[in-house]
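Please look at the sequence and the structure shown here, and keep both in view while you work. Try each task on your own before you read its solution.

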Amino acid sequence: MKKKYRIKDKKRFYGFVGLVLVLFSVVLFLTLNSSANADEVTLPKVVYVRSGDTIWSIAEKFAIDRDIREVVYEIRQDNQLESADIQLGQRLLIRQ
């Protein structure tokens, strides 16, 4: 024999359904918004200094349609370099 369920408090039930719909809408909005911004976010590239590399030569590789001096400045700022001196094997973060 099947049990029949009855809603005892309709006001409470509709409030619960409304809350669920609002929460679902918020989650959907945040998901769509974050996926739209995902295209804009780029992770920095990790570059290891090789023999003969300079900040200038590394920046040349990543200065596409940009002033190379800006890229050199960003590399120094992002890696907390006080001067342009870099060491063999040093890890540098490069914004793309």
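The exercises below concern a predicted model, and each task is followed by a solution in steps.

**Exercise 1. Two packed helices**

Task: Describe how helix 2 and helix 3 pack, giving the angle and the distance between their axes, and then state which residues of the two helices meet.

Solution: As a starting point, two packed helices are described by the angle between their axes and the distance between the axes. Helix 2 covers residues 55–62, and it packs with helix 3 at an angle of about 115 degrees, the axes being 9 Å apart. Because angles from 65 to 115 degrees count as roughly perpendicular, helix 2 is roughly perpendicular to helix 3. The crossing of these two helices is right-handed. Turning to the residues, Ile55, Trp56, Ile58, Ala59, Glu60 and Phe62 on the side of helix 2 meet Ile68, Arg69, Val71, Val72, Ile75 and Arg76 on the side of helix 3. Sorted by class, this contact between helix 2 and helix 3 has nine nonpolar residues, three charged residues and no polar ones.

**Exercise 2. The buried side of helix 2**

Task: Which residues of helix 2 are buried, and what do they pack against?

Solution: The buried residues of helix 2 are Ile55, Ser57, Ile58, Ala59 and Phe62. Their packing partners are strand 1 (45–48), helix 3 and strand 2 (91–94). To think about the spacing of such residues, recall that an α-helix has 3.6 residues a turn, so residues three or four places apart point the same way.

**Exercise 3. Two residues with positive phi**

Task: Find where Asp65 and Gln80 lie, and say what can be noted about the phi of Asp65 and of Gln80.

Solution: The background is that most residues other than glycine have a negative phi. Asp65, in the loop between helix 2 and helix 3, is not a glycine and yet has a positive phi of about 60 degrees. Gln80, in the loop between helix 3 and strand 2, likewise has a positive phi, near 50 degrees, without being glycine. Exposed means over 50% relative accessible area; Asp65 has 80% and is therefore exposed, and Gln80, with 65%, is exposed as well.

**Exercise 4. Distance along the chain and in space**

Task: What is the C-alpha separation of Arg50 and Gly89, and what is it for Phe16 and Glu70?

Solution: Arg50 belongs to the loop between strand 1 and helix 2, and with a relative accessible area of 55% it is exposed. Arg50 and Gly89 are 39 residues apart along the chain, and their C-alpha atoms are separated by 6.1 Å. Apart from its neighbours within four places in sequence, Arg50 is in contact with Lys61 and Leu88. Phe16, for its part, lies in helix 1 (residues 10–38) and is exposed at 54%. Phe16 and Glu70 are 54 residues apart in sequence, and from C-alpha to C-alpha they are 55 Å apart in space.

How values were computed. Residues numbered from 1 in each chain as written. Predicted model: local features only at pLDDT ≥ 70, side-chain atom pairs only at ≥ 80, totals over all residues. Heavy atoms only, no water. Axes fitted to C-alpha atoms, helices over the stretch in contact; angles between N-to-C directions. Helix = DSSP H or I, 4+ residues; strand = E, 2+ residues; numbered from the N terminus. Parallel < 35°, antiparallel > 145°, perpendicular 65-115°, else oblique. Left-handed = near helix turned anticlockwise from the far one by under 90°. Contact = heavy atoms within 4.5 Å. Nonpolar A, V, L, I, M, F, W, Y, C, P; charged D, E, K, R; others polar. Buried < 20%, exposed > 50% of the residue type's maximum accessible area, 1.4 Å probe, protein only.
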